[in-house]
Amino acid sequence: MEQFAAVAVAHFLALLIPGVDFFLIARTAMTNGWRAATGTCLGIATANGIFIAAAFSGLSLISNPTVLAVIQLAGGVFLLYIGVAFIRSNARFDPGQEAQAVQATWARGFGLGIASGLLNPKNALFYLSLAAALAGASPLTLAAYGVWMFTIVLVWDVFVAIAFGSRQVLTRLERIVPWLTKAAGAFLVLFGLAMITTVSVQLLT
């Protein structure tokens, strides 16, 4: 029970730190409503589930420096793509168009969510470290941990989507949504450039 509490707290604290996934969910919710953003939430949770299953089953390809470098480079390029898209976007949300927005963007958000989760090496390394700490646990215990973590990621992401996509919040943020979107885009571009630069320097040295 003490071990579960420690792992659960560590996992939830990691979720509280805003990152790429957070900005992707927030932007989708602010521009298309929280229902459309649930696609992104499910995609991110699915990517986390893949990493959890891989780490807890003993698959540690991510620990290979070459594989990690490739993932980091791909992640950096993905962040640049998303960041530029955010900056160029004229983000506006019309509550009356929410139904159409849900249908048009849910599947696309799901795809972006999976890509965001899988191309973030921090997710993989985090779950590998947890798997190392739980090395002596039984397969049934590891499966229970995996289900718990997947569920918490999904619930938390949906909460973020609802918080940023509710009509009350959107009404208050209507004027600054475009600026928030561009600020998030600038953050993602800088993050992506830093990731690419770091990996490139490591490969050249």
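F164 is partly exposed, with a relative accessible area of 25%. Partly exposed here sits between buried, under 20% relative accessible area, and exposed, over 50%, with a 1.4 Å probe and protein chains only. This is a predicted model, where local features need pLDDT of at least 70, side-chain atom pairs count only at pLDDT 80 or more, and totals for chains, interfaces and linings use all residues. Residues are numbered from 1 along each chain as its sequence is written, and side-chain values use heavy atoms, with hydrogens and water left out.

Now the ring partner. F22 is also partly exposed, at a relative accessible area of 25%. Rings of Phe, Tyr and Trp (its six-membered ring) pair if their centres lie within 6.5 Å; planes under 30 degrees apart are stacked, over 60 edge-to-face, and the rest tilted. That rule gives four aromatic pairs. In one of them, the centres of F22 and F164 are 5.6 Å apart and the planes stand at 85 degrees, so this pair is edge-to-face. F22 belongs to helix α2 (residues 20-32) and F164 to helix α7 (residues 139-165), so the pair ties together parts 142 residues apart in sequence. F22, F23 and F164 form one aromatic cluster.

Next, the whole chain. How many helices and strands does the protein chain have? There are nine helices and zero strands, counted as DSSP runs (helices H or I, at least four residues; strands E, at least two) and numbered from the N terminus. Of the 205 residues in the protein chain, 43% are buried. Among contacts (heavy atoms within 4.5 Å) with a separation of 6 or more, 91% come from residues 24 or more positions apart.
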